[in-house]
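Work through the exercises below with the structure open. Try each task before reading its solution.

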Amino acid sequence: MRKAARFTAAFAILGLLAGPVAAARISLLPNAVQGIWMKDDSEGRAQCKAYLAAMQADSEDAHAQLVGAEVISGNMLHSYAEYGEGNFYQPKRIEKLGKQTWRITAAVGIDGSPEGQDSGTAKFELSLVRGKLKWDMESFDGKPVDSWDAHLYFRCTAVPTGMYAS
């Protein structure tokens, strides 16, 4: 009996140690929406081309090419602004509405991670329409967002390894 208790305790400790590691590997956001998304217009396509060229040249200018892009990793959405600032959305709840449609409730961080900030909660819908990402903001802190126009993006590339913790 003692041996069984030690065995159970050992597995419990391993479970506690492995839990955070295993949880860190789980992507909250679907793989289908992860990536660097640019506006689906000629300016967005030129921006993507400039970003990819800067990345290939290993230029520090690459991040400047992301201004206005939506960067979506496994656990964070970043509306990229100057110097890497912008709105950061950390999903708290993801609801699958259809084959390629999700409603996301997220904590919002202004110019950084939402952790430690009291910047509010956003609810929005992401959907893939013929390979394009459509982003519709529904509410902020429970109040409808009437001034938001749905934005359509194309996937420029994957999020580089190490850009965000996942």
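**Exercise 1. The cover of helix 2**

What covers the buried residues of helix 2? Identify these residues and the strands that cover them in this predicted model.

Solution. 
- Step 1. Locate the helix: helix 2 covers residues 42-56, 15 residues in total.
- Step 2. Pick out the residues under 20% relative accessible area. In helix 2, the buried residues are G44, Q47, C48, Y51 and A54.
- Step 3. Look down the axis of helix 2. The buried residues lie within an arc of 130°, so they line one face of the helix.
- Step 4. Find the cover. Strand 1 (35-39) and strand 9 (151-157) are among the elements that cover the buried residues of helix 2.
- Step 5. Turn to the face away from the buried side of helix 2. The exposed residues there are S42, K49 and Q56.

**Exercise 2. The length and ends of helix 2**

Compare the span of helix 2 with the expected span, then describe what is found at the start of the helix and after it.

Solution. 
- Step 1. From its first C-alpha to its last, helix 2 reaches 21 Å.
- Step 2. At 1.5 Å a residue, 21 Å is expected, and the span of helix 2 is close to that value.
- Step 3. D58 follows helix 2 and has a positive phi, near 55°.

**Exercise 3. The salt bridges of R103**

Which residues are linked with R103 in a network of salt bridges? Trace the network pair by pair.

Solution. 
- Step 1. Begin with the total: the whole structure holds six salt bridges. The cut-off is 4 Å from a side-chain nitrogen of Lys or Arg to a carboxyl oxygen of Asp or Glu.
- Step 2. R103 and E95 form a salt bridge at 3.9 Å, N to O. E95 is partly exposed, with a relative accessible area of 28%.
- Step 3. The side chains of R103 and E125 also form a salt bridge, at 3.9 Å. This pair links distant parts of the chain: E125 lies in strand 6 (residues 121-129) and R103 in strand 5 (residues 101-110), 22 residues apart.
- Step 4. R103 and E138 form a salt bridge at 3.0 Å. Here R103 in strand 5 is paired with E138 in strand 7 (residues 132-140), 35 residues apart. E138 is partly exposed, at 25% relative accessibility.

Definitions and conventions: Residues numbered from 1 in each chain as written. Predicted model: local features only at pLDDT ≥ 70, side-chain atom pairs only at ≥ 80, totals over all residues. Heavy atoms only, no water. Buried < 20%, exposed > 50% of the residue type's maximum accessible area, 1.4 Å probe, protein only. Helix = DSSP H or I, 4+ residues; strand = E, 2+ residues; numbered from the N terminus. Expected span 1.5 Å × (residues − 1). Arc of directions from axis to C-beta. Contact = heavy atoms within 4.5 Å. Polar contact = N/O pair within 3.5 Å; in protein donor to acceptor, adjacent residues only side chain to side chain.
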